[in-house]
Amino acid sequence: MKLSGKTVLITGAKQGMGLAIAKRLKRDGADLILNDKNCDSNFKRIAKELDAKLMICDLSSLDEISYTLKDTLSSTSKLDALVAQHAYMSMANFEDHDDEDWWKVVETNLLGTYVLVRETLPYLIESKGKVVITSSYWGLIGWKEASAYSASKAGLISLVKSLGRELCPVGVNVNGIAPGVINTPQLEVDAKNLNIKLEKILEMYAGNIPLARVGESFEIASVVSFLLDPEQNAIVGQIVNANGGEVRSRA
Amino acid sequence: MNKKVALVTGAASGIGAAIAIRFKQNGWLVASIDKNKANTNISIQANVENLAEIKDAVKEIENNLGPIDSAVSNAGHYEMKSIQEVDNTSLIKMIQVHLGGFRNVALAVLPSMRERRDGTLICIASELGIGGGEFISHYSSAKGAQIGLVKSLSLEYAPFNVRVNAIAPGPTDTPLIPLDSPERTPVFLNTLPLKRLVKPEEISQAAYFLATEGTFFSGEIISPNAGAVI
């Protein structure tokens, strides 16, 4: 198996794409450390099934990241890959978006990821490891009533590009993924906010997608597996777009 | 179970050969269209610039191996020259091989894929078609044009579940880059974040991904380029 013996930290792994990535990388042979904000019996069961370590940490709290990571990595003493998949999302029109909540989106998505990379870097340099950061196609093209989310995800794109350049010479490979609309529990939240049924929102999104359907979480997990393949090191500082053809552009 | 069928143009050497090997190792039947003979299940010697030849070749391949599940348009040629040295003959040649060659492959394989509502078409473009380059204006124009065609075809064929995508390799360690090329000097390699040329196997890994697991990719470009264009 291509990731046998590799230790991978996946953030936001309790549900949706993060969980799909965890299952996929387990299948590829990786040893997993799974992060999410809260621990519950469901997450404990997932960890048990995947024989994974848990790292419970709210990634909007930058200090918490540092000490929780230190704690977690002192027991594994190695890390081969970081998959920064977590995100906080809330939608509101620009003027009405609560100040604190607006910044929480940016702190969780952009700053949380930044600190995660910074704090894991010594381990990744040691292992000549890889980083995969999940951005979003909304970070490429923007979205109404998602100014904080789009800004945070666009920031991640630039972070990937800069770190791709900066860290490649020390042997750490950094890339990003910009998923299009993916069928995750977040869509239920979106549907609720818009006061429409889930089927309606799926149909609405699919209407904009040339492949005429939204994506599935496992299709993003495949991209992570593709980028972490030890055989592939020539993809550097790139944003890989998987969006059903909705955005045909260089990120 | 029927084996899947791949067509690779320019499979006699370099990136094309690596792609052919990758599909073969994964249990696919592989057909080649190249001016030279290739080590594949069927090797047809034809010129990608000639639409009739390519249509005939594809017919022969489908008659022998079955419908093509994935086609990789890879045949190309490379030439460094300043724009003032590029005469009309070498300009037209460059466009015909790359843009015309890809168009011909697309015209030959897409009708059947559309009918079957299944299939993938992959164009091997170049980072030079995204970021441009010095003294290579005709090549980068042709490669940029391929990318435009990929995006348009992706829109036209996505409704039929046919995915069209591109790979834009960086400088890759193949015979296309001669041993005395400036792209093999330490000075050039040092400009790449990765500090080395791309391996053909890194391109074939991406091609195989797009043909198989990359099921939500359409009209996209994957860039194994050693960080040449970020």
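The questions and answers below go through the sheets, the helix packing and the chain contact of this predicted model.

Residues are numbered from 1 along each chain as its sequence is written, while chains are lettered from A and ligands numbered from 1 in the order in which they are written. Because the model is predicted, local features need pLDDT of at least 70 and side-chain atom pairs count only at pLDDT 80 or more, whereas totals for chains, interfaces and linings use all residues.

Q: In what order do the seven strands of the open sheet in chain A stand?
A: Strands are DSSP runs of E with at least two residues, helices are runs of H or I with at least four, and both are numbered from the N terminus. Two strands pair if DSSP finds at least two bridges between them. The pairing in this sheet of chain A is parallel, and the order is S3-S2-S1-S4-S5-S6-S9.

Q: Which strands of chain A stand at the edges, each with a single partner strand?
A: A strand with a single partner has one side left without a neighbour in the sheet. The twist averages 20 degrees from one strand to the next, and the strands at the edges in chain A are S3 (53-56) and S9 (239-242).

Q: What is the bridge partner of Val8(A) in S4(A)?
A: Strand S1 (residues 7-10) of chain A runs parallel to strand S4 (residues 81-84) of chain A, and three bridges join them. Within S4(A), the partner of Val8(A) is Ala81(A).

Q: What angle does the direction of helix H3 of chain A make with that of S3(A)?
A: Two residues are in contact if their C-beta atoms, placed from the backbone, lie within 7 Å. Axes are lines fitted to C-alpha atoms, for helices over the stretch in contact, and angles run from 0 to 180 degrees between N-to-C directions. Helix H3 (residues 62-76) of chain A packs on the sheet and touches S1, strand S2 (31-36) and S3 of chain A, its direction making with that of S3(A) an angle of about 165 degrees.

Q: How do H4(A) and H6(A) run, roughly parallel or roughly antiparallel?
A: Angles under 35 degrees count as roughly parallel, over 145 as roughly antiparallel, 65 to 115 as roughly perpendicular and the rest as oblique. Helix H4 (residues 99-127) of chain A packs against helix H6 (residues 147-167) of chain A at about 15 degrees, with their axes 8 Å apart. H4(A) and H6(A) are therefore roughly parallel.

Q: Which element gives the most to the side of chain B that touches chain A?
A: The contact takes 31 residues from chain B and 30 residues from chain A. Helix H5 (137-157), helix H7 (200-211) and strand S7 (221-222) of chain B are the elements that give two or more residues to the side of chain B that touches chain A. With four residues, the element that gives the most is H7(B).

Q: Which residue in S2(B) stands opposite Val5(B)?
A: Chain B has an open sheet of seven strands in the order S3-S2-S1-S4-S5-S6-S7, with parallel pairing. Five bridges join strand S1 (residues 5-9) of chain B to strand S2 (residues 29-34) of chain B, and the residue opposite Val5(B) is Leu29(B).

Q: What is the radius of gyration of chain B?
A: The secondary structure of chain B comes to seven helices and seven strands. The radius of gyration is taken over C-alpha atoms, and the globule rule is 2.2 Å times the number of residues to the power 0.38. For 230 residues the rule gives 17 Å, and chain B is as compact as a globular protein of that length because its radius of gyration is close to this, at 17 Å.
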